[in-house]
Amino acid sequence: MSAQGIAVLGSTGSIGENTLDVLRQHPGRYRVVALLARSNVRRLVEQAREFRPDYIAIADATLLPQLRSLLQQAGLAPQVLAGPRAAEELAVLPEVQCVMAAIVGAAGLPSTLAAAGAGKRLCIANKEALVMAGPLVLAAARRSGALIMPIDSEHNAIFQCLPAGARLGEAPAGVRRVLLTASGGPFRDWSAAALENVTPQQACAHPVWSMGRKISVDSATLMNKGLEMIEAALLFGLPAGRIEVVIHRQSVVHSLVEYVDGSVLAQLGSPDMRTPIAHALAWPERMASGVQFLDLLRVARLDFEAPDTGRFPCLALAVEAARAGGEMPAVLNAANEVAVEAFLAGRLGFGGIPETCAAVMNAWGSLNGARELDAILAADARARALAGEELARQEAKA
Ligand code: NAD
Ligand code: MG
């Protein structure tokens with residue numbers, strides 16, 4: 001069998017690097033056709049030296065001259081693309097059979113949607129795209145025959161626990177609930193008062209997972225779990241009320257599915273994203289991922305507790321957005337992206353993140369039920385503008 005062609009969108013990030021590490025272990029099985037990053041030109045060229053892709057792309061077009069000159073120095077001559085549309089072009093290349101959607105944030109939506117429309121095996125890490133426009137992505141995949149494979153460890157775990165033949169987007173037969181586990185983030189044991197003085201550095205030092213900065217902050221606020229709840233509702237065709245979030249600090253049980261007969265199936269493993277990545281790439285087969293095998297005797301105990309939405313209001317906001325439906329998940333996502341960026345830049349306190357999100361949701365007004373991409377992108381833009389105004393108000397107050 002010839003090697004499967006892969007495009008890794010967001011190749012220099014945490015998921016991108018983990019993906020390349022899995023691919024590195026299976027050189028005959030996969031061929032890296034395309035790599036894309038936003039701005040890390042040096043790392044991109046190092047990756048190109050190793051994987052020899054046919055296409056290299058940089059989303060920040062101002063870096064194109066630097067990319068060209070480094071490629072030339074390295075003696076490499078791939079096709080080079082640049083700018084915000086490059087990811088979409090790579091996602092639909094005929095020589096690409098599988099797309100790893102590992103761009104962070106709303107920026108990943110167009111390419112994720114393009115891959116779904118082009119009938120690819122679509123490995124989705126880019127949860128923001130599903131939160132913003134999940135029904136569109138699923139509908140595009142249904143029309144084209146694209147296979148959607150969740151990379152988010154919880155959703156991948158649930159997928160593994162579903163009955164054979166379950167179809168994404170439709171409530172699986174016999175399933176009563178799904179339970180999403182959450183590590184609780186670095187501040188799970190902190191008091192509300194201590195949370196007020198959290199710094200970006202503290203927020204990015206996750207106790208279990210090593211991840212990009214945006215998702216690290218989302219894990220610290222529990223917005224990540226909120227986004228994942230919306231993502232799960234969509235992928236598994238369940239209302240928010242049938243998805244329970246459980247804090248599980250060891251991050252060994254990656255999520256669970258409860259059946260009507262009382263059976264509960266869980267997927268366990270070391271907290272290492274290479275497991276869901278290898279699963280999504282190889283499914284329905286299995287292949288080695290390089291992760292350390294789980295030693296239950298060393299783990300020794302598994303703890304579960306309820307989340308505290310008083311200290312972590314982002315989770316409640318996400319439930320509210322899921323219940324409201326329409327464009328509200330996209331509005332929440334946009335407000336959160338703006339707030340997290342401001343927090344990382346030192347312009348907003350940790351508590352300002354849920355405050356900004358709540359203010360934007362409250363200011364939104366009636367939902368128009370945006371279904372088309374243009375309407376969703378317009379909602380995203382308006383929510384970002386409202387979040388900007390809210391930040392200015394908070395800064396003026398401080
Ligand atoms: P990261 O910040 O480490 O990497 C992001 C990648 O996207 C980089 O390669 C960057 O160059 C690229 N990128 C950023 N902005 C871009 C833009 N405007 N256009 C094109 N490319 C752009 O992030 P990550 O931790 O790898 O997360 C990626 C996605 O996967 C996120 O949606 C995150 O929620 C999800 N995810 C990550 C993990 C994890 O363990 N890191 C787990 C589950 C889900
Ligand atoms: Mg996750």
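Modeller: A residue counts as buried when its relative accessible area is under 20%. The model discussed here is predicted.

Colleague: Is D152 buried or exposed?
Modeller: The relative accessible area of D152 is 8%. The cut-off for burial is under 20%, so D152 is buried.

Colleague: How many residues apart are D152 and E228?
Modeller: D152 sits in the loop between β7 (147–150) and α7 (153–161). E228 belongs to helix α11 (residues 223–236), and E228 is buried, with 1% relative accessibility. The pair links distant parts of the chain, and the separation is 76 residues.

Colleague: How many disulfides does a search of the whole structure find?
Modeller: A disulfide needs two cysteine sulfur atoms within 2.5 Å. Searching the whole structure for such pairs gives a count of zero.

Colleague: Why is C314 in no disulfide?
Modeller: The nearest cysteine sulfur to that of C314 belongs to C357. A bond would need the sulfur atoms within 2.5 Å. The two sulfurs are too far apart for a bond, because the distance is 5.5 Å.

Colleague: What is the relative accessibility of C357, and is this residue buried or exposed?
Modeller: C314, which holds the cysteine sulfur closest to that of C357, is buried with a relative accessible area of 0%. C357 also counts as buried, and its relative accessibility is 0%.

Terms used. Residues are numbered from 1 along each chain as its sequence is written. Chains are lettered from A and ligands numbered from 1 in the order in which they are written. This is a predicted model: local features need pLDDT of at least 70, side-chain atom pairs count only at pLDDT 80 or more; totals for chains, interfaces and linings use all residues. Side-chain values use heavy atoms; hydrogens and water are left out. Helices (H or I, at least four residues) and strands (E, at least two) are DSSP runs, numbered from the N terminus. Buried means under 20% relative accessible area, exposed over 50%, partly exposed in between (1.4 Å probe, protein chains only).
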